[in-house]
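Please look at the sequence and the structure shown below.

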Amino acid sequence: AGRELWGSGENDSKARKRLDRRPLPIQRTKGSEIVFGIAPCALALSQFRRDPFRLFLKQSSGSRRLVMSEFVLQATARGVPVHHVQRRELDALCRGQVHQGVCLEATPLRFKSLEEAEKPDLGDGESPNRQLIWLVLEQIQDPMNLGALLRSAYFLGVDRVVTSQRNSCPLTPTVSKASSGAMEVFDVYSTDDLQSFLKAKTAEGWEVVGTVSKPKDVEDVPVISCLEFQWNKPVIIVIGSEGDGLSLETQLLCHRMLAIPPGRVLHPGIESLNVSVASGILLHSICSQRPRHGD
C-alpha cells in the first residue's frame with residue numbers, strides 16, 4: 001500500500017511539472033492575428049497600417065536586450081500594452097514559427113482594390129517618360145514564395161504588385177516574415193479578373209511580358225532571353241504559379257515571354273528555378289536599366 005501511495009504522489013508531481021511546462025493560454029482579440037519576427041513587428045508598429053493590440057516580448061540579454069528595449073519604447077509611444085512572456089508562450093502564439101522573441105497581436109493586412117492602383121500612374125504629368133514596372137502574380141500559393149517575391153519587388157524598385165484573387169495566398173504573418181517585413185510597407189493589390197486587367201493595361205500602352213522556364217513549352221508568343229529585353233515603355237511582368245506557370249489564357253495576352261539562360265547543360269528534372277529566385281533575377285535584369293537615383 002505504501003508503494004502505491006508513493007507511486008501516486010510521484011506521478012502527481014510529474015503531472016504538475018508537465019502542466020507547468022504548458023504554455024499559458026492567451027486570449028486573442030477577435031479578428032486579430034499574430035505578427036512575428038523582429039522586422040515585421042517593428043515595421044508593423046511604425047507604419048500605422050495595422051491596429052496593434054498587444055506586444056509580447058521574451059526577456060533577453062546581450063545584444064538582443066537593446067532590440068527589446070527599443071520595442072518597448074515603440075509600443076509605449078503608440079499606447080500598446082507590452083507583455084513579457086516566456087519562450088513557450090511565444091511559440092504557442094505563432095504556432096512554432098521563428099519569432100525571434102517578438103510577437104505582435106494586430107489587425108490583418110488586406111489586399112488593396114485594383115481601382116486604388118489606377119490613380120497615380122501613367123501620364124501623371126510630373127514625369128510622363130518615367131519607366132514604370134508592375135509585377136503581376138498569377139496563383140502564387142506558397143506564403144514563403146509570396147514573401148520572397150514581395151521582398152525582391154520592394155528592394156528592386158517595382159512600382160506595384162498585383163495578385164490574382166483566385167487560388168492565391170493571402171497576406172498572412174508568414175508572408176510578412178518571409179518578406180522580412182516588406183509586406184508591412186509595400187501595398188499589394190488584387191484583381192478577380194486578371195485577363196481583363198492585362199487587356200486594359202495593354203490598351204493604355206503598357207507592354208505585358210510573361211515568364212517561362214522552358215521556351216519550348218510556349219506557343220504563339222515570342223520568347224527571348226531576359227538579357228535581350230529592352231525596357232522602353234511601361235511594363236508588366238507576369239509570374240505564374242509554382243507548379244504550372246502561367247495559364248494559357250494569360251500567356252496569350254503577353255507580347256513576349258522572358259526566359260533565364262542557364263549557365264550549363266541542365267540535367268533532366270532540375271531544369272528550372274524556384275519562382276521567387278527566378279523572379280528576382282528577371283526583375284533585376286530589367287530594373288537595372290532604370291536610371292539610378294541621382295544619375
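**Sheets, salt bridges and surface patches**

Eight strands make up an open sheet with parallel pairing, in the order S5-S8-S7-S6-S11-S9-S12-S10. Its edge strands, each pairing on one side only, are strand S5 (112-113) and strand S10 (223-225). This is a predicted model, in which local features need pLDDT of at least 70 and side-chain atom pairs count only at pLDDT 80 or more, while totals for chains, interfaces and linings use all residues. Residues are numbered from 1 along each chain as its sequence is written, and side-chain values use heavy atoms, with hydrogens and water left out.

Some terms are needed here. Helices (H or I, at least four residues) and strands (E, at least two) are DSSP runs, numbered from the N terminus. Two strands pair if DSSP finds at least two bridges between them. Strands of a sheet pair through backbone hydrogen bonds, either parallel or antiparallel.

Ile224 has Leu258 in S12 as its bridge partner.

An antiparallel pair is found elsewhere: strand S1 (residues 33-36) is joined to strand S4 (residues 102-106) by 4 bridges. In this pair, Phe36 stands opposite Cys103 in S4. In a regular strand the side chains alternate between the two faces of the sheet. Which residues of S1 lie on each side? Glu33 and Val35 are on one side, Ile34 and Phe36 are on the other, and all are buried. Buried means under 20% relative accessible area, exposed means over 50%, and partly exposed is in between (1.4 Å probe, protein chains only).

Next come the charged pairs. Side chains of opposite charge can pair when their charged atoms come close. A salt bridge is a side-chain nitrogen of Lys or Arg within 4 Å of a carboxyl oxygen of Asp or Glu. The structure holds 10 salt bridges.

One of them joins Arg87 to Asp91, with the closest N and O atoms 3.9 Å apart. Both residues lie in helix H4 (residues 87-93), 4 residues apart, which is about one turn of the helix. Asp91 counts as partly exposed because its relative accessibility is 26%.

Another salt bridge links Lys201 and Glu204, whose closest N and O atoms are 3.0 Å apart. Is Lys201 buried or exposed? Lys201 counts as buried, because its relative accessibility is 2%.

Arg256 forms a salt bridge with Glu207, and here the closest N and O atoms are 2.9 Å apart. This pair links distant parts of the chain: Arg256 is in strand S12 and Glu207 in strand S9 (residues 207-211), 49 residues apart. Arg256 counts as partly exposed at 22% relative accessibility, whereas Glu207 counts as buried at 9%. Salt bridges that share partners also join Glu33, Arg50 and Glu184 into one network.

The last topic is the surface. Patches are made of residues with over 30% relative accessible area and no salt bridge; like charges are joined within 9 Å, and nonpolar side chains (Val, Leu, Ile, Met, Phe, Trp, Tyr) within 5 Å. Accessible areas come from the Shrake-Rupley method with a 1.4 Å probe, and for residues only the protein chains shown count as cover.

Leu273, Val277 and Ile281 make a nonpolar surface patch of about 240 Å². Val277 lies in helix H10 (residues 275-287) and is partly exposed, with a relative accessible area of 44%.
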